[in-house]
Amino acid sequence: MFFTNSLSEKFLVFLIAVFFDLIFGEYPSKVHPVVYMGTFGKFFDEKFNKTTYSNRFRFLLGAFSLLLEVTMFSIIAYGIIYMSKHTEGILRTFALLLHFYILKSTFAIKSLYEHVSKCYVDDIELLRRNVSLIVSRDVKELDESHLYSAAIESLAENISDSITGPLFYYSLFGLPGAVIYRVVNTYDALFGYRNEKYEWFGKFSARFDDLLNIVPSRVTAFVISLFSPISSWKYILKYGAIKINAMYPMSAFAGVLKVGIEKIGYYKLEGKIPEKEDVKKALKLYKKVTAIILLIIITLTVVVK
């Protein structure tokens, strides 16, 4: 077993973190560790990511920033595990609380559901505002069907990014695994764009994130496909390769729901135009998929020693 002094401790912290999330959702932003994970990268971005610098230098700067923060948070995670193994009483209790606190910050089950459920509305302006909170694309000119599509896409993709990914690496490598995944994923969300400013500064974090998500994205797609194997695999095989990871759960979701999802100028999956009721169906599917993924993670956490 990796990094913890007992399987029961690792497993217990995991269960408490999951139940806490299901009941209370996200921490307030002021005390949420992920909020601070991007701070270091934003500092480097604002101070040194200048278009006047060479592409190679900006690439190295982005890679250095990410690796430095990965190292910093890894040291913190290992320190917490070390404290729980080599201390007793109040210090050990404090270490376990920190373990729980940081692990909980690496995944989001309830808040993802709540954010997308706010897109189950008829008012297009309210829909547009709520969708803008969960996707990075410009939603100002999107019609109703494309807004519902964006909500469904975000829900499907984030099952892998916000649940499967961090908990998969926690089950294998303990707290350091979950923390490293979340730092890399946060950097990719902030800087992983193909534009003049971030094409080179964010390239390393984007490729690192791609690597870490190869297994979680496919595990997520497989679980989704269980609810309609023929149609989902038809979509996965046809569209999965459009994006190295994200399209696998998205295409599986579209296949099960039998809807066409589209990001204008990037991809378009065939199917009926998404409607409000499809968001409700997507949320119901999300609950079932998440339950199975948690069972898989529980099994891995128990088995991996």
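Which residues form a positive surface patch? I found Lys 280, Lys 281, Lys 284, Lys 287 and Lys 288 in it.

**Ground rules.** I am working on a predicted model, where local features need pLDDT of at least 70, side-chain atom pairs count only at pLDDT 80 or more, and totals for chains, interfaces and linings use all residues. Residues are numbered from 1 along each chain as its sequence is written, and side-chain values use heavy atoms, with hydrogens and water left out.

I noted how a patch is defined: its residues have over 30% relative accessible area and no salt bridge, like charges being joined within 9 Å and nonpolar side chains (Val, Leu, Ile, Met, Phe, Trp, Tyr) within 5 Å. Lys and Arg count as positive and Asp and Glu as negative, while His and the chain ends are not counted. The place of a charge is NZ of Lys, CZ of Arg, CG of Asp or CD of Glu. Accessible areas come from the Shrake-Rupley method with a 1.4 Å probe, and for residues only the protein chains shown count as cover. I looked up Lys 288 and found it in helix 11, residues 276-303. Lys 288 is partly exposed at 47% relative accessible area; buried means under 20%, exposed over 50%, and partly exposed in between (1.4 Å probe, protein chains only).

**A nonpolar patch.** Next I turned to Phe 222, Leu 226, Phe 227, Trp 233 and Leu 237, which make a nonpolar surface patch of about 520 Å². Phe 227 sits in the loop between helix 8 (203-225) and helix 9 (229-239), and with a relative accessible area of 33% Phe 227 is partly exposed.

**The whole chain.** I counted 11 helices and two strands in the protein chain. Helices (H or I, at least four residues) and strands (E, at least two) are DSSP runs, numbered from the N terminus. The order from the N terminus is α-α-α-α-α-α-α-α-α-α-β-β-α. The C-alpha trace spans about 60 × 50 × 35 Å along its principal axes, and buried residues make up 51% of the 305 residues.

Ala 189 belongs to helix 7 (residues 144-191).

**Salt bridges.** How many salt bridges does the structure hold? I get 13, each being a side-chain nitrogen of Lys or Arg within 4 Å of a carboxyl oxygen of Asp or Glu.

- Lys 110 and Glu 114 meet at 3.9 Å, N to O. They are four residues apart in helix 5 (residues 110-117), so about one helical turn separates them.
- Asp 210 pairs with Arg 207, the closest N and O atoms being 2.9 Å apart. Asp 210 counts as buried at 17% relative accessibility, whereas Arg 207 is partly exposed at 42%.
- Glu 270 and Lys 234 form a salt bridge with their closest N and O atoms 3.8 Å apart. This pair links distant parts of the chain, 36 residues apart: Glu 270 is in the loop between strand 2 (267-268) and helix 11, and Lys 234 is in helix 9.
- Asp 21, Glu 26 and Lys 104 are linked in a network of salt bridges.
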